[in-house]
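Open the model in your viewer and keep the sequence panel beside it. The stops below say what to select and what is there.

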Amino acid sequence: MKAKIMIVAMMICLVPLSNALSQDNKTIEGEVGLTGVWIDVHGKEGGKAKFTEYRDLREDGAVFGRARLNLDTDKYFINLNVGDFAYDTQYYMVDGGMWGKFKFDLFYDEIPHNITFDARTPFLGAGHDTLVGTPNPNFPLWNTFDYSILRHQYGGGFKVDVIRPFFFDVSFERENRDGIKPTGAPQTFSSSSVAFELPEPVEYVTNNLKVSAGYSKKPLFLSLNYIHSDFNNSNSALFLPPNFVAPNAFSLPPDNTYDKGAFKGAVSLPFNSRFSTNMGFARGRSETSIVSLIGSGYTGKVDNINYDFMLSSNPVRFLDLKAYYKYYKRFNKSDDPTGVADIFLNYKIATYGAELGLRLPQNFYLSGGYKYVKTEREKKGEDDPEEILPFNMDNIFFVDLKWSGPDFLEAKVGYEIFDRDAHYRTAYSYGNPFKRFSYAEQNRNTVKAILDIFPLENLNLGLEYRYKNTDYSDTIFGLRRDKRHEFDINADYAIGKIAKVYGYGDYGWIRFNQWQIRSGLPWDGDQWDKTWGYGIGAEVYVIPKKLTLIFQHDYLKSNGSVDFALNDGLFVVGNGLGAASGANNDNIDISRWDDYTLYSFRIKAVYNFTKSLAAMIGYAYERFRYSDAQLDGYQFFVPAGTGNGAFLTGAYKDQSYRANLVFGGVSYKF
Amino acid sequence: MGKRLLIFLSVLFIFLLVSIAHNIVRGDSEYAGSEACKDCHEAQYNKFIKSVHGKKAIPGNPANRDGCESCHGPGAQHVEKGGGRGVAIFVFSKKESSTARDSKCLACHQDMRGVENWNLSKHKSFLITCDNCHSIHSSVPGKNFLKAEEPDLCFGCHRNIRAQFNKQSHHPIKEVFVGRQALKCSSCHNPMGTFDIKAMIKADSVNDLCYKCHAEKRGPYAFEHPPVPENCLYCHEIHGSNHRKLLVRKVPLLCESCHTGGHPSRPYTNLHSFSGTATAQKNKFFGRGCLNCHGNIHGSSLDPAFIR
């Protein structure tokens with residue numbers, strides 16, 4: 001039905017096209033192009049999927065077509081943009097309308113997300129809602145499937161301009177997602193159970209409708225908005241074979257609907273001031289049939305309420321002021337008569353703050369502000385003192401200084417203090433040394449320094465440094481510190497009309513420190529993420545307006561590690577760790593923790609035969625080397641020896657690849 | 001009371017009188033007309049006249065008012081003095097204050113949808129002006145007169161965000177080599193300002209924004225994982241991560257940041273695997289770690305431990 005509506009809408013919207021074609025004063029521009037790509041990929045199943053993660057480049061060769069048409073007259077316009085026909089990245093877009101009267105747009109597009117090709121499962125039925133069979137360890141005989149999801153989106157919108165200063169917009173889009181993604185479930189509810197990685201079927205349809213109407217003319221802006229969204233999952237559960245204990249079903253995302261009404265308004269006031277407000281009420285509902293397996297009559301219902309009030313003012317040239325109050329509340333009204341699932345999260349967040357900006361002599365601009373955020377959480381029905389969630393009170397101060405004195409320079413520095421206080425509401429939770437980082441007290445300091453230099457008209461240089469240090473000061477066990485540095489630089493330089501060169505460099509490291517306790521003995525782990533990369537590129541106008549050479553090279557390296565320090569008692573045999581003999585604090589660190597190197601190189605020549613006709617030829621090389629302690633030495637079947645066993649599918653396994661791409665194409669503009 | 005009202009009305013009358021007089025004095029003599037501009041700035045004129053600003057069908061458009069001079073101000077003196085950049089004419093350069101430059105655009109665009117919250121924008125707070133991102137005369141093809149395409153335009157200033165998007169796990173925002181760009185910065189952010197002052201996201205909360213594309217995570221679930229409905233960013237980065245699924249830390253350390261007791265309390269080191277010594281140094285955390293059993297980590301309809 002909705003597809004029919006779309007077709008009718010498209011036909012109505014194409015009326016301007018016929019009218020536009022009959023106009024005298026019209027401009028027609030367009031382009032058609034064809035690009036052929038020869039692809040040579042070296043990699044295993046995971047690598048081939050990683051190479052084409054968001055692309056459709058599986059075959060040895062591919063030919064991509066594209067077309068663009070822009071028709072413009074004094075009264076009408078219409079633009080068509082289509083491409084990648086018949087591939088998983090295909091797109092078809094049309095927008096148009098009557099200038100000053102109305103606008104419309106229609107679109108269809110696709111994008112894949114490839115995770116791993118030729119994954120394996122001992123069961124039959126991958127991609128469906130029922131898995132059958134008896135698992136056996138002979139993994140070479142298992143069934144293969146691809147972990148991949150394809151998104152198809154289509155929809156359109158219509159905006160009425162003719163009733164200005166009133167407006168009316170409506171848009172609708174539908175998204176279909178199909179494919180398989182990895183999930184997992186243990187065979188039993190015991191912590192020593194065999195783990196099963198499983199193919200989860202993805203057959204989702206989401207419909208989104210947005211309607212907006214209002215009035216917009218200085219000094220007033222008024223807008224009423226309505227959003228309806230419904231999510232439909234074709235599968236309520238993944239039904240598991242009998243070797244799984246009851247309930248031998250794995251629940252999948254439930255169907256849900258979301259409706260929101262909102263009012264937004266703004267009014268200009270004296271002293272160059274403006275008052276803005278935003279108020280909304282949303283209700284989400286979910287339905288699932290799978291809960292009947294545990295005898296629950298659960299119905300999901302969540303209300304969200306928000307209202308914001310903001311006042312901004314620029315009363316005199318050198319002064320900017322802003323003050324605001326924001327409130328957001330989530331109220332879970334779900335109902336479970338049987339009481340099996342009667343713990344629901346509610347929270348409310350109240351924020352108020354003020355900002356001040358001062359234009360100072362010598363082109364200095366000083367700004368700063370204060371924000372207070374109070375978050376109150378409640379798990380409705382929760383009576384376990386350990387699980388009572390704390391309230392948070394955040395005090396945030398910030399100051400920024402910008403200097404744009406000389407024409408060739410702009411500098412910015414900024415500093416922010418974030419101070420979170422946690423109010424634990426039970427003696428147990430207050431005294432508990434485990435304090436979850438999401439709620440725990442924290443002190444965060446953020447520093448940034450940015451410098452943009454334009455020493456010459458054709459040279460731009462940018463430097464940036466950021467530092468952030470978060471201390472979870474009251475946490476003894478759990479995440480205790482998050483510290484990060486980032487350095488970034490970029491530059492571009494135009495050498496007359498001969499060439500343009502550009503480059504960038506990035507370096508960053510992040511350190512997370514966390515403590516834990518096992519059998520009454522503490523241990524701590526420091527996770528390090530170090531990343532550095534650079535890119536250089538050039539456009540050389542070999543024959544101006546005729547022949548251009550384009551070169552691009554990018555490099556990125558991630559070096560992750562985890563440094564462990566265990567209490568000596570944890571190395572004693574029989575403490576439950578299952579330590580390998582000979583383990584000590586010198587040989588337990590992990591040196592490969594999502595380590596990877598991305599290397600790419602591309603060269604392209606573009607030749608313009610005429611103003612209309614151009615040809616392009618090029619070569620690209622891409623390499624991705626991945627190494628990780630979790631995935632190296634991968635086993636599909638892990639026997640249950642002294643610990644847990646597992647049946648794995650190969651998700652994210654062997655992601656390294658290298659690929660050569662030779663491409664060429666022609667394009668014609670008219 | 002009556003006296004004050006009289007004074008107020010007198011001030012108002014004088015103000016209106018001055019305004020009207022100013023408009024009368026303005027006259028046509030100060031304006032050169034767009035044709036005069038065309039004589040020296042033909043390329044800019046041609047681009048303007050073909051653009052949406054040149055459409056007379058749109059009420060209030062520069063084409064219906066003073067053409068080039070709608071934005072650049074009266075140009076007669078500029079012509080008389082023989083031209084030259086900034087000579088007796090308004091140009092969008094650093095020499096003009098950010099307020100002066102913005103006011104030229106906002107004179108018309110303040111009424112435009114999507115710009116109504118410019119006064120709240122973080123960009124405005126940092127004195128970023130319309131002409132930092134838009135150019136009427138030298139924009140890239142497409143809508144909105146942008147100086148460059150997204151995300152390159154945004155990365156020009158937000159270098160750290162560019163670095164994050166280069167990481168192996170990222171939203172498909174830079175996948176433009178073959179095929180089209182799937183997402184844009186403006187899919188999630190409105191650079192013109194929203195009620196989210198700092199990040200300018202197009203939603204009333206982070207989760208509301210994420211659920212627009214990830215509606216399956218919206219629930220509500222019978223069994224909720226408490227931080228999930230509050231803020232996705234406790235566990236996920238926004239722009240890019242070295243760890244798959246945009247996770248802020250790698251599993252199992254991410255889970256162990258909060259959870260204790262039982263197997264979360266165990267250190268999974270180079271020599272301590274989930275499966276004991278039998279698989280030491282090999283496949284030790286079963287590929288996806290905790291998620292191999294707790295597959296429904298965002299919420300479950302069946303199980304409070306998210307294993308069904």
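How many bridges pair E18(A) with strand E19 of chain A, and in which sense? Select residues 409-423 of chain A, which are E19, together with E18(A): the two pair in the antiparallel sense over 13 bridges. Two strands count as paired if DSSP finds at least two bridges between them.

Before going on, some notes on reading the model. It is a predicted model, in which local features need pLDDT of at least 70 and side-chain atom pairs count only at pLDDT 80 or more, while totals for chains, interfaces and linings use all residues. Residues are numbered from 1 along each chain as its sequence is written, and chains are lettered from A and ligands numbered from 1 in the order in which they are written.

**Stop 1**

For a facing pair, pick Ile396(A), which stands opposite Phe418(A) in E19(A).

**Stop 2: E5, E6 and E7**

Select residues 102-121 of chain A for strand E5 and residues 143-160 for strand E6; 17 bridges join these antiparallel strands. Within this pairing, Thr116(A) stands opposite Tyr147(A) in E6(A). Next select residues 166-186 of chain A, strand E7, which pairs with E6(A) in the antiparallel sense over 13 bridges. E6(A) and E7(A) form a hairpin with five residues between them. Val160(A) stands opposite Phe168(A) in E7(A).

**Stop 3: chain A as a whole**

Select chain A. Its secondary structure comes to four helices and 30 strands, taken as DSSP runs (helices H or I, at least four residues; strands E, at least two) and numbered from the N terminus. The C-alpha atoms of chain A fill a box of roughly 85 × 65 × 60 Å, taken along the principal axes. Of its 670 residues, 33% count as buried, which requires 20 or more other C-beta atoms within 10 Å of a residue's own, with C-beta atoms placed from the backbone.

**Stop 4: where chain A meets chain B**

Show both chains. The contact takes 149 residues from chain A and 93 residues from chain B; two residues are in contact if their C-beta atoms, placed from the backbone, lie within 7 Å.

Methods: Buried ≥ 20, exposed ≤ 12 C-beta atoms within 10 Å, placed from the backbone.
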